[in-house]
Amino acid sequence: MPVIKILPHPEYCPQGAEITAPAGTSICEALLDNKINIEHACDMSCACTTCHVIVRQGGNSLNEAEEEEEDLLDRAWGLEPQSRLSCQAILAKEDVTVEIPKYSINHAKENH
């Protein structure tokens, strides 16, 4: 199973973490399954940018971003070339390292 290394984030994962998830799982699902409560205001339907992550390593092993995801990412805070919506980034067999941006465009946090 691939390992997801999450870089430290002051709110969601202060110490950073390493988790495993089966290939075919989205990064968002893997984080939520491991009690890393990343925002996902649209319930992972590719309709917002609150689950935005930056894939620091292993991005080439993920599925390709589709046009709908790329259009939404244009609105994400802190957009970088390696940015993905974690609900759309599907794990393959390689390990990945992700950074959860400090901010999102969400004005109010959801309690999921």
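Which residues form the negative surface patch?

Modeller: The negative surface patch is formed by Glu64, Glu66, Glu67, Glu68, Glu70, Asp71 and Asp74. This is a predicted model, in which local features need pLDDT of at least 70 and side-chain atom pairs count only at pLDDT 80 or more, while totals for chains, interfaces and linings use all residues. Residues are numbered from 1 along each chain as its sequence is written, and side-chain values use heavy atoms, with hydrogens and water left out.

A patch takes residues with over 30% relative accessible area and no salt bridge, like charges being joined within 9 Å and nonpolar side chains (Val, Leu, Ile, Met, Phe, Trp, Tyr) within 5 Å. Asp and Glu count as negative, Lys and Arg as positive, and His and the chain ends are not counted.

As for pairs, a search of the whole structure finds three salt bridges, each defined as a side-chain nitrogen of Lys or Arg within 4 Å of a carboxyl oxygen of Asp or Glu. In one of them Glu80 pairs with Arg56, with the closest N and O atoms 2.7 Å apart; Glu80 is in the loop between α2 and β4 (83–85) and Arg56 in strand β3, so this bridge ties together parts that are 24 residues apart in sequence. Arg56 also forms a salt bridge with Glu99, whose closest N and O atoms are 2.8 Å apart, and this pair links distant parts of the chain, since Glu99 sits in strand β5 (residues 96–99), 43 residues from Arg56 in strand β3. Glu80, at 28%, is partly exposed, as are Arg56, at 34%, and Glu99, at 26%.

In a further salt bridge the side chains of Glu69 and Arg84 meet at 2.8 Å, N to O; Glu69 belongs to helix α2 and Arg84 to strand β4, so parts 15 residues apart in sequence are tied together. Glu69 counts as buried, at 2% relative accessibility, and Arg84 is buried with a relative accessible area of 8%.

Notes. Areas by Shrake-Rupley, 256 points an atom, 1.4 Å probe, with all protein chains shown as cover. Charge placed at Lys NZ, Arg CZ, Asp CG, Glu CD. Helix = DSSP H or I, 4+ residues; strand = E, 2+ residues; numbered from the N terminus. Buried < 20%, exposed > 50% of the residue type's maximum accessible area, 1.4 Å probe, protein only.
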